[in-house]
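Keep the viewer open as you read.

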Amino acid sequence: MSTEPETTESAEPGKPEDAVRSGTPTEAPEAGKPDAGKADPEEADASKADAEDAPRTDGSPDTTGTTDADASETSESSESSESSEPADTTEPAPAEGSPQLSEAEAELLAQKLERERIEQRKAEKKGPIASGTKLSGQAADLLAAVRAVESGEKPVAAVFAEPRPAPRRPAPEPVRRPQPVPAAPAPSDAPAPHTVDGVRRVLADGSAPEALAPQVAAALGEGAEDLLREDPWQLLRVAGVRPEQADGFARALLGAECRPDDERRARAVTVWLLEQAALAGHTALELSALATALARQGVPDAEAAVQATLAEGEALVFQDALDEPGARPGTAPSAPAASPSASPAPSAAAGDGADDAEGEQDEAEEERPVRVLVGLERYALAEESLADGLARIVNSLSKEPSPEWEAAATAASGSTAELIRAVAGHGLVLHTGGEASRAEPAALLTVVRGLGLRAVAACHTPDGRRRFAALLGAEDPVVTVPGLLAGTEGPGRDAEGALDLDVLVVLDAPQLDVEGAAMIVESLPDGARLVLSGDPAVLWSAGPGRVFADLLAARTCPQVASRTPDPGPLGELVSGVGIGELNQVDAPGKEIVIVPVRDAGEAVHRTVQLVADSVPRALGVPPEDTVVITPGHGGAAGTRVLNAALKERLNPGPGRFGGFDPGDRVAYSPAPGRTVPGQVVGADAEGLHLSCADGAVVVPKERVEQTVRHGWALTAHQAVGSRWPAAVVVLPGDAAQALSRPWVYTAFGRGERHLSVVHGVEQALPRAVAEVTAKPRTTRLPALLRSQVPAAQ
């Protein structure tokens, strides 16, 4: 393993370059201890609420529910811009053909614009207070919490940080500008203006920020004003609002009628806890864990709260049978003996025997192990629909492969031949392996198309689609999963609304949540074959569920494990991490570099140096082809701090387009849990213009703050499904608690040619790889599958 490439810039001002040394990621800095900052790094990529009160599945009193998707990594998703200026400060970009400004003129213009902003702020301070602005106390806290969750940033105070007053020279405006293309579809059911006005009046009466009116109206729908007056705790349906804030709003509206044992509060808090659990990946919660979490939220009677929630239809309850002790995994509990009451009793003695047998029957049924789960309807129905669809696929295909299939399998070798034979005779097949194993489903797709069948491959990201299409030599049969489900990519639908295909190969299968997987399965026609392929060691989906892992555990269909290893030092390192070992790897071509650091400030400095100078000069990889990955958005070396430092070095500018400048790398989140890398082209009255892998995108200015953030640095959840020529993984001291084996495996595997590890966590890294596995998620899919699909032999 190599040391960092030589550089003329010192590790820190006044420090020698010999701070960089070779070694494995297990090596700790020799000088000093890392700065264990107090900021908690976030794990979620998607826009996710603060889920610290979401219950754990073990039912322990200290129930917490961290968001495991960088959700939504969710939740993992909406991210705010780095500037605190509102989106409407966006100014039109210069039109084509307009006179080009010199550098001096551009600098003077930027300074003039900055002075105008300063004067505008001074005037605002002296002017009247507008609705939703300059709030204090409870209202300010509530508004800050909502905006923090919408932006994915923590702590909330960072949302309103003042921008640097010193203007910087903007990057040159590109001459060519893309034509406006609709961004992710905006909500079509926007609340009516009179509904928003009514909600605004209620919020004012309850001392809540009136700026929340559009979100509240959208969440509650028509009649939101009356509903909110009757039940103030419905405010909890807005992302980012916490129970204590809803309690304050209710006290202001209800006065003395507001009580902790109010049934309305109990129901709202129950639903809120289930939503927090979904953000943490659970599709349902065990009743005991939910009751413990309700008690922590001050609900005096947890059982009554759950019953009231069920009675209102806001949640569903389930009883899932567990395996009997000693039973083979994946099998359902044995059925009880038939009731003797079905046959006549000719004598008293016989009757006594029947009574005894019936008593034993009842006792056996009472002792039969079950677990009681409570879940939200949308995820319960999605999981049941997924199980039904998978059973239909498994049971609808003939198990007799044709001679053509066997000839194709004979012509192949190794695990490719196994995959072809498995798909020939089964409707559902699971395929596991690393990056190199993607060649096997590519070979399968070529064979299937050669047999005259309609076959399509779907990947999680545009970059995954590009890499898989390169293996095929054509892009026609390769789509993205979001594009396939939206109908913008793929084969289209038949007369019955099913996808017009015979074989669907889904790559990056671990990224499927229950709702996405259910939509795919429901769209397949009878007789179609489904192949789910992916690396089970990477991070799970940003949304609730763990579909691929549940299917592997249920063993209801053939599973083909690839024997194709990932090549080179990077493949050797990542493969070891997958089995819990952090091995020392020889890297003669500087494929792996370890950069020890003492604190977060040095970590940021060395990261910028690697991206801007060392990696381009030593390896020929330009900064735009290098990704920086860090455990969270917050903290002293989180994505926000790293992106600010990288922007200052690589593309300085005043952020005149809602915090962005032309040339900025961005992470665009058109939907929660989905991140698309792109670059800012410009802005005008229509919104922020981006250049993404799928083409030009225009993000309306009112959605920029929620969906666009700077993207030189990402979280692992945001980066999963994509790869770059080089990756710089930053491990500051305050991120030690966020590390796990799946996180390290995912982060280390994002580089194709080079990996630099900015290492400041000492022994926490090997400990995480060896001991910290994926956080458990409570799901119902395995139990549902057992009742419909027999275990594969």
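Strands (E, at least two residues) and helices (H or I, at least four) are DSSP runs numbered from the N terminus, and two strands pair if DSSP finds at least two bridges between them. The model is predicted, so to speak of local features a pLDDT of at least 70 is needed, side-chain atom pairs count only at pLDDT 80 or more, and totals for chains, interfaces and linings use all residues. Residues are numbered from 1 along each chain as its sequence is written, and side-chain values use heavy atoms, with hydrogens and water left out.

Five strands make an open sheet in the order 15-14-13-12-16, with antiparallel pairing. Strand 15 (695-699) and strand 16 (708-710) sit at the edges with a single partner strand each, so one side of each has no neighbour in the sheet. From one strand to the next, the twist averages 40°; angles here run from 0 to 180 degrees between N-to-C directions, and axes are lines fitted to C-alpha atoms, for helices over the stretch in contact. Strand 16 is joined to strand 12 by three bridges, and Ala-667 has Arg-709 in strand 16 as its bridge partner.

Six strands form another open sheet, ordered 6-5-7-8-4-9, with parallel pairing. Its edges are strand 6 (478-480) and strand 9 (559-561), each pairing on one side only. Here the twist averages 20° from one strand to the next. Helix 18 (residues 547-554) packs on this sheet and touches strand 4 (428-432), strand 8 and strand 9, where contact means heavy atoms within 4.5 Å. The direction of helix 18 makes about 105° with that of strand 4. In strand 8, Val-531 is the bridge partner of Val-505.

**Strand pairs side by side**

| Strands | Bridges | Direction |
|---|---|---|
| strand 7 (residues 503-506) and strand 8 (residues 529-534) | four | parallel |
| strand 12 (residues 665-671) and strand 16 | three | antiparallel |
| strand 1 (residues 285-286) and strand 3 (residues 370-375) | two | antiparallel |
| strand 2 (residues 316-321) and strand 3 | six | antiparallel |

Strand 3 turns up in two of these rows: Leu-285 stands opposite Val-374, and Asp-320 stands opposite Arg-371.

**A helix pair**

The axes of helix 24 (residues 741-748) and helix 25 (residues 764-771) come within 7 Å and cross at roughly 110°. That makes the two helices roughly perpendicular (65 to 115 degrees; under 35 counts as roughly parallel, over 145 as roughly antiparallel, the rest as oblique). Helix 24 brings Arg-741, Val-744 and Phe-748 to the contact, while helix 25 brings Leu-765, Ala-768, Val-769, Ala-770 and Glu-771. These residues divide into six nonpolar, no polar and two charged.

**The largest cavity**

The largest cavity holds about 80 Å³ of space. A cavity is a set of points on a 1 Å grid over the protein atoms alone where a 1.4 Å probe fits but cannot get out, and lining residues have an atom within 4 Å of a point. The lining includes Asp-231, Trp-233, Arg-264 and Glu-314, and its residues divide into five nonpolar, one polar and six charged.

How values were computed
On a 1 Å grid over the protein atoms alone, a cavity is a set of points where a 1.4 Å probe fits but cannot get out, and a pocket is an open set with protein on both sides within 12 Å along at least five of seven lines; lining residues have an atom within 4 Å of a point. Grid points are joined across faces, edges and corners, and a volume is the space filled by probe spheres set on the points. Ala, Val, Leu, Ile, Met, Phe, Trp, Tyr, Cys and Pro count as nonpolar, Asp, Glu, Lys and Arg as charged, and the others, Gly among them, as polar.
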